[in-house]
Amino acid sequence: MERRDFLKKSGRALALAAITGSTGFYFHNRTTTTAAGSVIEMPRFEVARNPDLPGLALARHENPIEAFRKSLDAIGGIGRFIEPGERVTIKPNVGWDRTPEQAANTNPLLVGEMVRQCLAAGADDVIVSDITCNDARRTFIRSGIKDEAERAGARVLLAADDDFLQADLNGELLTTWPVLKYFIETDKFINMPIVKQHSLSSCTIAMKNLYGILGGRRNQLHQRIDQSIVDLAAFVRPTLTVVDATRVLMRGGPQGGSLADVNIENSVLCATDQVAADSRGVEFLGLRGEMVGHIVLAEKSGLGRIDYRQAGYKEIV
Amino acid sequence: MTIKTVRNLRRILQILFFLIFFWLILQTNFFFDMAPEENGQIVLPYPVSIALEFDPLVALNTLLATGTIYKGLLWSLVILIPTIFLGRFFCGWICPLGTLNHWISEIRSERIKRKGKNKIESNRYKKYQRIKYYIFLFFIGASLFGVLQMGLLDPLSLMARSLGTAVLPGLQAAAEASLSWVKSFGIAPLSAAAEYLYDIFSGIFLIYRRAHFHAIISIGLVFVVILALNRLYTRFWCRGICPLGAMLAIFSRYAILGLQKNSGVCDGCNKCLLHCQGADNPDVGSVWRQSECVLCLNCQASCPNGSIKFKFFPEQESTPANPGGTQKVDITRRKVMLSFAAGAATVPLLRSGDMFEVNTNPRVIRPPGSQRESEFLSRCIKCGQCMRVCPNNALHPTLLEAGLEGLWTPVMIARIGYCEHTCTLCGQACPTGAIRELTTVEKIGNDEIEPNRIGTAFIDRNRCLPWAMATPCIVCEEWCPTSPKSIYLKSEIVYDREGKAVEVKKPYIDPNLCTGCGACEYACPVIDQPAVYVTSIGESRSDRNQILLERKRNKS
C-alpha cells in the first residue's frame, strides 16, 4: 500500500468517526423541550362608566328584536359601545346541537340583530364564534346562528386546534389557559348568553357563558366551578352583555331538549355589569342571586352588584 | 374513429371515473354549509355511496346472504348487463382500483424482469390468474350461508375503506405535521407560504376535524401491498386476486365483442403483449382469453400492421396457426366445487367460535340503526363509508373485537367520539342497509316511539370524582342529551381525607332512558379510562342483549 493511499483511506474513516463522535457528544443530555410560547395579556374591552345610564336594562316584547332594541336604547344605544372601524367579536352561547325552540343556545334572531347593530355603528369586521360542546358545525347550523349571523354580515368562525393562544388569566385557580384567539385579537367583546338551569352552578347565564372562550381541559373546571367562573369573569370584562331571556330553559339544562322545559319570557337584558345581569337573569329560574355560589363570589371579588337595582336598573315593558 | 382515439377515450374516462370516485369519498363527510331540512334533520346532499351501489359483486353477495337487493344496488345492473355483451370493460375503463393499478404498473421499472422480453413473457397468461376465481367462489360459498366476507377484497369497498380511513386521514396528519415543521423554523415568509399552501390543500383534501381510526395500520398495509404488487406483475391484483374481476370474467362467457387475429400479416413483433394489461394472450399464435381481457385496447393500438382487431361477432373457429377467441374460463369443475365448499365451510368455523352472539365483546357498539348482529354481518361490506361520514369520528373499523368475521366492521369508540343525538348520517351513507336509514324521530324517539339505542352507560364508582374522590363534577349529566336526562344526580355529604364535609352530586344512570350514545364517556374528565362508559347491553337491535324486563315509558 502506498503512503498516499494509506492516508486517504484512514483519513476518511477517521473523519467519519470524528463526525459521529462529536454529534453524539453535541446532543448528549440536551434539553429538547421547546420554549413555551409567549403568554398573552387579555385586552380591556369595557367602555367608560356613565352614571346617568343604567347598568342593566330589561325590556319585554313578543318580538325578540324589538325587546332587544328597547333595552339597548335604554342602556345608551349601540353608539356608546362600538366605534367606527372596530373589530367586534360576539360570543353567543352555542353549546349544543339543538334547535332554537329548545332554548339551549342563544336566540339566533338576537345574534343577527346584534351583528346588524354593530355594522350600522360602523364596525369593520364582526365575528361570531364560540367553542361548542357538541360538534361545532352541527351546533352552529342547527342552532340557526350560522345562518342568521352570516345573513346579517358577520363572519362565523369555528375553532381549530391551532387557533388558541396561551393567555395569562391571573386568577386564583386559572393561571395560564388556552383562549380562542378571536376573543383576544379584537377591539370589542360582546357576550350574548341565554338563561338556563345548570345542575352544578344552578344557572348558566353571563359569567358562566365565558367558559366558551376556553380550550384545554375545560371539563375539569367543574371541580371548582364557582372560583373558575369568577376567575374568568375577572379576566374577561365584556364591552356589553346581552342576556337572552326570550326563552328560558327551566330544567334539563344546559342542554335541554324538551319544549316542556322551556318558559317563554319574551325578555332581553342589556348590561354593563355582568354580575347584575346574572343576578336579575337567575330570577327567571325562580332563584335569587344570593342563592347562587358564583354570583355571590363575584360580588365579593368586586366584579359587580348582586343587588342589581344599585347598579342602576331600568325595566321597559 | 381510429383505435388510438378510442384508447385515448379510455384513458380520459379512467381519469374521470377515478376523480368521481375520489370526489365521492371526499364528499362523504359533514360540511359546514349543509342546511337542515324543515324538521331539523340534516340530509347528505349527494348520494355519496353511489359508486359502491354500481358494484355487481356487492349486489350478488348481499343478494345471496340476505335474499334482497337493497335500495340503490340495482344500479349494479348498469355494469353487469353490458359486461355480458362486451366483457370486462369495467376493469379497464371504470374501476378506480384498476386504474390505480394500471398507472402504477406503467411506471418504468429498473428491474430486469419488468423490461423487454421478460415483460412480454410476464404478460402471457399465467396459472396464478385462476386464483381470483377461487377467491370469488369462496366468497359466494360463504355468502350463500349468510357470511359476507367479499368486502375484504371487493375493489370498490377496499378502495373506499382505504382512502377513507387510511389514506386521507394519513394525508391530513402529514399536512399538519409538515405545516408545524415549517413553522418551527420561525421564518415569517416561509411560514406564510406554508400556510397558503396548506389552505389550498385543506380546501380540497382536509376535513374540519382530523379523524383518528382504529385498525388503520391493517387497512393501510393491505392497500400498500396491493399497490406494490404492481411492481412484480402488471395489474397483479386485477389479474390474480380481484373477485369482482372474476365475477365479470364469468359473466363475459357469451360476450359478442372479441379479438380477431389475422396471422397473414403478423410479423411477430409482440408489441401487443408488451402493453397488455390483462395477460390475455392477444398475440397471434396463442389462445386469446376473453375472461382475462380488460378491453384496454393497447394491443390493437400498438399493432403496427393491423393483424389483431376487436370486433363484434369475431370468428371463433380455432386452428393452430390462427387460434380463435376462447370464451372459456380457465378453471376445472373440481376446483370450482372445492373453493365453493371452502367458502361454505368457513361459516360454521366463524360462527361456532365464541365471539359471535355468545361471548360478544361488550365494547362492540354498532352504529345507530344497525341490524341484529347476524343480519349486520351478512350486509356489511366493510367499505368504511359510515366511519368517514361520522362528524364525531365515533365509528371505527374493528380489528378482532367483533371476531374474525367482523374484521373492519364499524364500532363506536366513545372515548374518541360519541354518537351525536340527532345525527343520522351513517344510515344515509350505508350502501347495503347494514345500518338502516333512520329519521330523527326514529333515532331519538318521542312519546310514542322508543329511541334507537346502541348500548347503556355505567358509572365506575371507583373512578368517579363525586363517588370516589369527594370532588364535584357532574360533567356527564351536563352532556347527557336525552330528555329527561338519563343521568340523574343525588346530593350527598361525603368526607374528604381531613374529615371535612363536602356536598357532592353523585351521578346515577337510568337504564330506562339511556340510549348508549356515549356523550358522557366522551366528556368524562377521567380521560384514560373514563369513570362512565358504555357497553352494548340494551341495544335496540338485539332481543337477547337486554337488562330490563320492561322499560318504563319515556315520559317527559
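Reader: How many helices and strands are there in chain A?

Author: Chain A holds nine helices and 12 strands, and please keep in mind throughout that this is a predicted model.

Reader: And what is the radius of gyration of chain A?

Author: The radius of gyration of chain A is 26 Å, whereas the globule rule gives 20 Å for 317 residues, so chain A is more spread out than a compact globule. The C-alpha trace of chain A spans about 105 × 40 × 40 Å along its principal axes.

Reader: What share of the residues in chain A is buried?

Author: Of the 317 residues in chain A, 53% are buried. As for how the chain meets itself, if you take the contacts between residues at least 6 apart in sequence, 73% of them join residues at least 24 apart.

Reader: Can we look at one helix? Which residues are buried in helix 5 of chain A?

Author: In helix 5, which runs over residues 145–152 of chain A, the buried ones are A:Ile145, A:Lys146, A:Glu148, A:Ala149 and A:Ala152. The elements of chain A that cover these buried residues include strand 2 (87–92), helix 3 (108–120), strand 3 (125–129), helix 4 and strand 4 (155–157).

Reader: What comes just after helix 5 of chain A?

Author: Just after that helix you reach A:Gly153, which takes a positive phi of about 110°.

Reader: Changing topic, is A:His294 buried or exposed, and why?

Author: A:His294 is buried, because 25 other C-beta atoms lie within 10 Å, and a count of 20 or more is what qualifies a residue as buried. A:His294 sits in helix 9 of chain A.

Reader: Which residues is A:His294 in contact with, leaving aside its neighbours within four places in sequence?

Author: With those neighbours set aside, A:His294 is in contact with A:Ser201, A:Met207, A:Ile225, A:Asp226, A:Ile229 and A:Val230. A:Gln227 is 67 residues from A:His294 in sequence, yet their C-alpha atoms are 6.9 Å apart in space.

Reader: At what angle do helix 8 and helix 9 of chain A pack?

Author: Helix 8 (residues 274–281) and helix 9 (residues 293–300) of chain A pack at an angle of about 150°, and their axes are 10 Å apart. Because of that angle, helix 8 of chain A is roughly antiparallel to helix 9 of chain A. On the side of helix 8 the contact is made by A:Val275, A:Asp278 and A:Ser279, and on the side of helix 9 by A:Ile295, A:Ala298 and A:Glu299. By class, these residues divide into three nonpolar, one polar and two charged.

Reader: And in chain B, how do helix 9 and helix 10 pack?

Author: Helix 9 (residues 155–183) and helix 10 (residues 188–204) of chain B pack at about 165°, with axes 9 Å apart, and these two helices are therefore roughly antiparallel to each other. Helix 9 of chain B passes helix 10 of chain B in a left-handed crossing. Here B:Ala175, B:Leu179, B:Val182 and B:Lys183 of helix 9 meet B:Leu190, B:Ser191, B:Ala194, B:Tyr198 and B:Phe201 of helix 10, a set that divides into seven nonpolar, one polar and one charged.

Methods. Residues numbered from 1 in each chain as written. Chains lettered and ligands numbered in written order. Predicted model: local features only at pLDDT ≥ 70, side-chain atom pairs only at ≥ 80, totals over all residues. Axes fitted to C-alpha atoms, helices over the stretch in contact; angles between N-to-C directions. Helix = DSSP H or I, 4+ residues; strand = E, 2+ residues; numbered from the N terminus. Parallel < 35°, antiparallel > 145°, perpendicular 65-115°, else oblique. Contact = placed C-beta atoms within 7 Å. Nonpolar A, V, L, I, M, F, W, Y, C, P; charged D, E, K, R; others polar. Rg over C-alpha atoms; globule rule 2.2 N^0.38 Å. Buried ≥ 20, exposed ≤ 12 C-beta atoms within 10 Å, placed from the backbone. Left-handed = near helix turned anticlockwise from the far one by under 90°.
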